[in-house]
Every structure is written in structure tokens, then in C-alpha cells.
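Good morning, and thank you for making time for this presentation. Please have the sequence and the structure in view while I speak.

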Amino acid sequence: MANTATHTVEQTLSIIKPDAVGQNQIGNIIEYFEREGLCIAAAKMLHLSETQAKAFYAVHKDRPFYKELVEFMMSGPVLVMVLEGEDAIARNRQIMGATDPSKADAGTIRGDFATSIDRNAIHGSDSAKTAKEEIAFFFQPNEIFTRQ
Ligand code: ATP
Ligand code: MG
């Protein structure tokens, strides 16, 4: 019988942002997930349109940094991924580190790769609800390969 303990296998959305893709860090960043036991269940490279970038970050549309955030996310290709594993949503946020890289611990992705709060290398879903919505924003169900 499978172990039915307290942890749940989850899926979450991750985006390697244009700064990190442009610095040729895709492989180095994916290693942070895989060495913590998160699997890549889906991945694709995209160059977001203005419509996509605005819609993806619509939750921030009234914030002063929205326009710059949208422009940055459209500034080059991104790698969009579904990560899967036990407690993947919270664990991905831990692996990413704080939004502001000056507050992110060394050894987190943002601590090691981000250069500023608005060029911070990586996006990750922040709840079960946003994970579901954000995965559906980029992937059809038949593009996701459950690994666990
Ligand atoms: P993300 O959603 O990209 O994973 P996050 O969840 O850590 O990041 P949010 O509060 O959702 O942080 O902000 C979304 C993005 O907006 C941040 O990643 C950052 O690039 C940008 N951002 C947030 N706060 C600021 C700020 N005060 N000044 C400039 N940019 C900001
Ligand atoms: Mg966020």
C-alpha cells in the first residue's frame, strides 16, 4: 500500500525569466529543482506577447511596477515549466528565495542568479489556486507528463 502520510504530490508553475535565459543559466537553474527532488513534468520555451504578459501578471495591474514587469517579461524568451513533487508549491518558493534578491538567502535561485527585484530570474506559483490557473494558462493537459 502506498504511503498515505501527510505530504501530497503537487504541480506548480515555474518560469525562468528573460534575464536568466539571456545569461545562459537555464541548465544551472533546473539543477536546483532536480537536486531537491522536484521533477520537470512539462516545459516549453516561449517569447511572451504583450497580451500574454499582461494577462499572466494581471493580479498586479494596479501596482506601480506593473508596466515595467510586463515589459521585462516580454524582453526575451522564457522557459515555462510544470514542476511536480511532494509539497511542490511551497518547496518551489523555498528553492526560489525571496522576491528581492538582496533579501534572498545564498543557495536559493534568486540569491544566486537574480540581480534586482525587477530582474529576479524566476517566477513560481504562490498557492494551490494560482498553480492550477497558471498551469492552465500555458499548458494543455496532454502536454503535462505526471512523474510521481
Ligand atoms: P513572481 O510572481 O514573479 O514569482 P513573487 O511572487 O516573489 O514573484 P510578486 O509579489 O508576485 O512576487 O511580484 C511579481 C513580480 O513583480 C516580482 O517577481 C518582481 O519582479 C516584481 N515586483 C514585485 N514587487 C516589486 C517592487 N516593489 N518593485 C519592482 N518590481 C517588483
Ligand atoms: Mg507572485
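**Sheet, ring cluster and charged pairs**

This is a predicted model, in which local features need pLDDT of at least 70 and side-chain atom pairs count only at pLDDT 80 or more, while totals for chains, interfaces and linings use all residues. Residues are numbered from 1 along each chain as its sequence is written, chains are lettered from A and ligands numbered from 1 in the order in which they are written, and side-chain values use heavy atoms, with hydrogens and water left out.

I begin with the sheet. Helices (H or I, at least four residues) and strands (E, at least two) are DSSP runs, numbered from the N terminus. Four strands form an open sheet in the order 2-3-1-4, with antiparallel pairing; two strands pair if DSSP finds at least two bridges between them. Strand 2 (39-46) and strand 4 are at the edges with a single partner strand each, so one side of each has no neighbour in the sheet. On average, neighbouring strands of this sheet are turned by 20 degrees against each other, direction ignored. Eight bridges join strand 1 (residues 9-16) to strand 3 (residues 78-86) in the antiparallel sense. Within that pairing, Ile16 has Leu79 of strand 3 as its bridge partner.

Helix 5 (residues 88-96) packs on the sheet and touches strand 1, strand 3 and strand 4. Contact here means heavy atoms within 4.5 Å. The direction of helix 5 makes about 35 degrees with that of strand 1; axes are lines fitted to C-alpha atoms, for helices over the stretch in contact, and angles run from 0 to 180 degrees between N-to-C directions.

Let us turn to Ser125. Is Ser125 buried or exposed? Ser125 is buried, because its relative accessible area is 0%; buried means under 20%, exposed over 50%, and partly exposed in between (1.4 Å probe, protein chains only). Ser125 sits in the loop between strand 4 (122-124) and helix 7 (128-138). Its side chain makes a polar contact with the side chain of Glu134 at 2.7 Å. A polar contact is a pair of N or O atoms within 3.5 Å; within protein, one must be able to donate a hydrogen and the other to accept it, and residues adjacent in sequence count only if both atoms are side-chain atoms.

Next come the aromatic rings. Rings of Phe, Tyr and Trp (its six-membered ring) pair if their centres lie within 6.5 Å; planes under 30 degrees apart count as stacked, over 60 as edge-to-face and the rest as tilted. This rule gives five aromatic pairs. Phe56 and Phe137 form an edge-to-face pair, because their ring centres are 5.5 Å apart and their planes stand at 65 degrees. Phe56 belongs to helix 3 and Phe137 to helix 7, 81 residues apart. Phe56 is buried, at 8% relative accessible area, whereas Phe137 is partly exposed, at 34%. The rings of Phe56 and Phe138 form a tilted pair, with centres 5.4 Å apart and planes at 45 degrees. Ring pairs link Phe56, Tyr57, Phe137 and Phe138 into a cluster.

I close with charge. There are six salt bridges in the whole structure, each a side-chain nitrogen of Lys or Arg within 4 Å of a carboxyl oxygen of Asp or Glu. One of them joins Lys54 and Glu50 at 2.9 Å, N to O. Both residues lie in helix 3 (residues 50-56), four residues apart, about one turn of the helix.
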